[in-house]
Amino acid sequence: AEGAMEGPMEGPMGASMTRANSGSTLGFVDYQSIGTDFDPGKYGTVVHFKGFGRRMNFADEATAALAAEVVQLVAKLEPNTLVWDGDSYSEDSFTYLIPQLHRKTNAQLVMFLRDRLKDRQRVERSWADAKLSLTCFLCPPDLGFDCLGEMALKATQSKGVVCFGGGAVVVAEFDVAPQDITFYFVPACRLSEDGGVEVSPLQARCAPNLQHVPTRES
């Protein structure tokens, strides 16, 4: 991922991207360019997976029960490809469930990531122990995380997003998503920075394309 640069090329939105990373592979990560390489027809049914990226407690009984339910929900959607937006693998993140989702669905795993050295290094470091094969589509380096999710949805043309909780970035992505994309919301919580409990802002939202998934707790 750190090969010599061969000069910039123009990606979407006029941002430059380095040629050296497009089409290169580092062990378990296959880097591709979002500008030239993404073909939705190759990926079948695509489901995007989002949620809280930090401070989730999967040892908590309620969170563990919701985790089991979200795995079943994703499996029912029968994805050929599971997509997320550049999040690291962590035991306190929604990404902790991705290996389990892969085992359950055998879906291809695709990540959209800003084309920045520190982001690529972060991904390579955090996902190495998960022992999964990832395809990583590199996006303009100056994108905000909410715009990264928006670009990923446009690229995949997916009609389904599963949210395991989710903070302000997920809400921002929901607000700009087309109405024909269904967001399935599972009401997972996380620890707040002051040690309390934080719920997702989506929990209080109502919209035709937002489905609050019934759970055993509800």
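This is a predicted model: local features need pLDDT of at least 70, side-chain atom pairs count only at pLDDT 80 or more; totals for chains, interfaces and linings use all residues.
β6 covers residues 81–84 and runs parallel to β7, and four bridges join the two strands. Between β6 and β7 the chain passes through helix α2, residues 98–105, in a right-handed β-α-β crossover.

**Strand β7 and its other neighbour**

- Strand β7 spans residues 108–114 and is mostly covered, with six of its seven residues buried.
- β7 also pairs with strand β8, residues 134–139, in the parallel sense, and five bridges link them.
- Within this pairing, F112 is placed opposite F137 of β8.
- A right-handed β-α-β unit is formed by β7, α3 and β8.

**The largest pocket**

- The volume of the largest pocket is about 490 Å³.
- Its lining consists of 24 residues, and those nearest the centre of the pocket are G51, F52, G53, D87 and F94.
- Two or more lining residues come from each of β5 (46–51), α3 (117–127) and α5 (168–176).
- Helix α5 makes the greatest contribution to the lining, with four residues.
- By residue class, the lining holds nine charged, eight nonpolar and seven polar residues.

**Where the two topics meet**

- Helix α3 belongs to the right-handed unit with β7 and β8, and α3 is also among the elements that give two or more residues to the lining of the largest pocket.

Key:
Residues are numbered from 1 along each chain as its sequence is written. Side-chain values use heavy atoms; hydrogens and water are left out. On a 1 Å grid over the protein atoms alone, a cavity is a set of points where a 1.4 Å probe fits but cannot get out, and a pocket is an open set with protein on both sides within 12 Å along at least five of seven lines; lining residues have an atom within 4 Å of a point. Grid points are joined across faces, edges and corners, and a volume is the space filled by probe spheres set on the points. Ala, Val, Leu, Ile, Met, Phe, Trp, Tyr, Cys and Pro count as nonpolar, Asp, Glu, Lys and Arg as charged, and the others, Gly among them, as polar. Buried means under 20% relative accessible area, exposed over 50%, partly exposed in between (1.4 Å probe, protein chains only). Two strands pair if DSSP finds at least two bridges between them. A crossover is right-handed if, with the strands pointing away from the viewer, the path from the first strand over the helix to the second runs clockwise.
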